[in-house]
Amino acid sequence: MEEKIKLNQAGYEDYLKEIEKKEKELAELRIYKGADAIYQGDTWHDNPTLYQAELKEMALMRDISQMKQKLNCIEIVESLGDVRLVDIGDIVKVDMIYEEDDIEEEIFKLIATTPDLNHENQIQDVSINSPLGKSLYHRKVGDTVSYQVKEHSYQVRIKEKVELN
């Protein structure tokens, strides 16, 4: 059984929009393929333009299929409203503990939607579906949690929730 993908309502809607965007791109590619790309070569020679369009068509079809299959794994979650727990939308200050003498303070915003790549502040978005996000989600300030990426295990101490002015 596949692992659940946690998204808030906005994240779920973004996911559906991404599928719709890919389906539109596929439809436009098919029009191009049938109206233009097919005539780039002749019946006696190869047609690299058509071959490229077909490769892109197959890739889009695969992406759309995979995204639609993942729809069954999406779990819509919203903030519980419990101020004691790290929840969706919270900004937390943590100590990333790599070794006993190698600790770095970081600030993250826990999200359950598409990251905002255009934000101008220095706070990094962390998805609740990432290993780090899963370890922070619904934990208390003061907790030390661990998460694993490939064969490496890391410790994180949740220092405080941060309020932006």
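In what sense do S3 and S4 pair, and over how many bridges? In this predicted model, the two strands S3 and S4 are antiparallel partners, joined over 8 bridges.

**The sheet**
- The sheet is open and is formed by 5 strands, which follow the order S5-S4-S3-S7-S6 with mixed pairing.
- Strand S5 (124–127) and S6 stand at the edges and have a single partner strand each, so one side of each is left without a neighbour in the sheet.
- From one strand to the next, the twist averages 45°.
- Within the pairing of S3 with S4, Lys93 stands opposite Ile107 in S4.

**The nonpolar core**
- The largest nonpolar core has 18 residues, and those with the most contacts inside it are Val94, Phe108, Ile128, Leu132, Leu136 and Val156.
- At least two residues of this core come from each of strand S3 (91–99), strand S4 (102–111), helix H3 (131–136), strand S6 (144–149) and strand S7 (152–162), and S3 gives the most, with 3 residues.
- Beyond its neighbours within four places in sequence, Phe108 is in contact with Asp90, Ile91, Val92, Val94, Met96, Ile123, Gln124, Val126 and Leu132.

**A buried aspartate**
- Asp95 is found in strand S3, and Asp95 counts as buried because its relative accessible area is 12%, under the 20% cut-off.
- Leaving out neighbours within four places in sequence, the residues in contact with Asp95 are Ile103, Glu104, Glu105, Gln155, Val156, Arg157 and Lys159.

Notes. Residues numbered from 1 in each chain as written. Predicted model: local features only at pLDDT ≥ 70, side-chain atom pairs only at ≥ 80, totals over all residues. Heavy atoms only, no water. Core = buried A, V, L, I, M, F, W, Y, C linked by side-chain atoms within 4.5 Å. Buried < 20%, exposed > 50% of the residue type's maximum accessible area, 1.4 Å probe, protein only. Helix = DSSP H or I, 4+ residues; strand = E, 2+ residues; numbered from the N terminus. Contact = heavy atoms within 4.5 Å. Pairing = 2+ DSSP bridges. Axes fitted to C-alpha atoms, helices over the stretch in contact; angles between N-to-C directions.
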